[in-house]
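Colleague: I've just opened this one and could use a guided look. Can we start with a pocket?

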Amino acid sequence: MARRRRPDLLVVSAYLAPPDGGIQRLAVEIADAFPDRDVRLLGVSSRPSTDSRVVIVPQRTGRLGSVITLLRFTVAVWRELLRRPRIVHAMTWRAAVPLLAYRGATVLYCHGAELVRAFNGRPEIALRRLVLRRMTGIVSNSRFTEGLVKDVGDRSSTVINPTLPFVPEQNTHHRVPDQDLRILGVARLSPDKGFDRLIRTTS
């Protein structure tokens, strides 16, 4: 039997689309950034994938279903770790929990809202700190998140802002009057995005 090739990169995300959010899209973008490498992408989703790189853990609903999904996700991650990927990139600190015993290179991508989301008591807070301390490297999506990582995990991190692809300007013939203020916000409408604060600040 031929020996399976050691993957160059394993991207672990708690969820893959659907739901379709920023973390889910970014996980795919990271995997797509290495077309010439052996990349694996693992996450929970309510629908199968035709992408040969993707390992889907079927999502189950309800309290018991959530526990079953979590157990299957953990087992799926451990199974991928047996292949000894050169780098494991976790998209959230919760998705990185199964990596705690892994001795290879690990990178954690931190998001501000995900770091400060409501916790189920002190054990989960301690688990978050342990994950942050164990990772080989940490990437923060903003300077604000960089400060959170320092505060809650006593770790330094590299700031890499997720950005939209550059689109050349197509029409430069119109002008916005100087007295008008127009702000384009590209994010989902949720409380942690701060659109309400932006409106109050600029009104």
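Colleague: Which element gives the largest share of the lining of the second largest pocket?
Modeller: That is H1, which contributes 3 residues to the lining. Helices (H or I, at least four residues) and strands (E, at least two) are DSSP runs, numbered from the N terminus. This is a predicted model, where local features need pLDDT of at least 70, side-chain atom pairs count only at pLDDT 80 or more, and totals for chains, interfaces and linings use all residues. Residues are numbered from 1 along each chain as its sequence is written, and side-chain values use heavy atoms, with hydrogens and water left out.

Colleague: And which residues lie nearest the centre of that pocket?
Modeller: Of the 17 lining residues, Leu9, Ile30, Ala33, Phe34 and His89 lie nearest the centre of the second largest pocket. Helix H1 (22-32) and strand S4 (87-90) are the elements that give two or more residues to this lining.

Colleague: New topic: is leucine 64 buried or exposed?
Modeller: Leucine 64 counts as exposed because its relative accessibility is 62%, where buried means under 20% relative accessible area, exposed over 50% and partly exposed in between (1.4 Å probe, protein chains only). Leucine 64 lies in helix H2 (residues 62-81).

Colleague: What about phi of arginine 84?
Modeller: Phi of arginine 84 is near 55°, a positive value in a residue other than glycine, and arginine 84 sits in the loop between H2 and S4. Most residues other than glycine have a negative phi.

Colleague: Where does aspartate 154 lie?
Modeller: Aspartate 154 is in the loop between helix H5 (143-153) and strand S7 (158-159), and its phi is also positive, near 55°.

Definitions and conventions
1 Å grid on protein atoms, 1.4 Å probe; cavity = no way out; pocket = protein on both sides within 12 Å on 5 of 7 lines; lining within 4 Å.
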